[in-house]
Amino acid sequence: MTNKHNDDLAGLATVGVDIGKDVFHLVGFDASGAVVLRRKIKRLALVPTFEALPRCVVGMEACLSAHFVSRTLRGENGGEKVFHGSGGIALLQAA
């Protein structure tokens, strides 16, 4: 998978996370819905990767691993809210 990375991620609004056993695939969108980030990361790189990104909404499939990921990300930034939707979890990172 190619890494599409726009150097200016200030407009990043939403990140979708596809959770795998050893790697995560991230796709980031700006407010208009254009893809501004596409990255494949190892599980251990989750926290450093999100520390480098601006605060945004994070969406992922609802599964056991998603709960681990959401707890990890909430612990890093604090104050986030978790919304359980139909078939998915979205983390709203408070500004």
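Met60 is placed in strand E5, which spans residues 57–61. In this predicted model, Met60 has a relative accessible area of 5%. Met60 therefore counts as buried, the limit being under 20%. Leu26 lies 34 residues away from Met60 along the chain, and the C-alpha atoms of the two are 9.8 Å apart. Across from Met60 of E5 stands Val17. The strands E2 and E5 run parallel and are joined by four bridges.

Strand E2 also pairs with E3. These two strands run antiparallel, with seven bridges between them. A hairpin of three residues leads from E2 to E3. Within this pairing, Val15 faces Gly28 of E3.

The largest nonpolar core holds 19 residues, and Val15, Val17 and Phe50 touch the most other members. Two or more residues each come from strand E2 (12–19), strand E3 (23–30), strand E4 (35–42), H1, E5 and helix H2 (64–77). E2 gives the largest share, with four residues.

The contacts of Phe50 can be listed in turn. Leaving out residues up to four places away in sequence, Phe50 touches Val15, Val17, Leu26, Val58 and Leu73. Thr49 is part of helix H1, residues 46–52. With a relative accessible area of 9%, Thr49 is buried, because the value falls under 20%. Beyond its neighbours within four places in sequence, Thr49 is in contact with Leu26, Arg39 and Ile41.

Two helices and seven strands make up the secondary structure of the protein chain. Their order along the sequence is β-β-β-β-α-β-α-β-β. The protein chain has 95 residues, of which 32% are buried. Among contacts with a separation of 6 or more, 47% link residues 24 or more positions apart. The accessible surface of the protein chain is about 5,500 Å². Carbon and sulfur atoms account for 55% of that surface.

Notes: Residues numbered from 1 in each chain as written. Predicted model: local features only at pLDDT ≥ 70, side-chain atom pairs only at ≥ 80, totals over all residues. Heavy atoms only, no water. Buried < 20%, exposed > 50% of the residue type's maximum accessible area, 1.4 Å probe, protein only. Contact = heavy atoms within 4.5 Å. Areas by Shrake-Rupley, 256 points an atom, 1.4 Å probe, with all protein chains shown as cover. Core = buried A, V, L, I, M, F, W, Y, C linked by side-chain atoms within 4.5 Å. Pairing = 2+ DSSP bridges.
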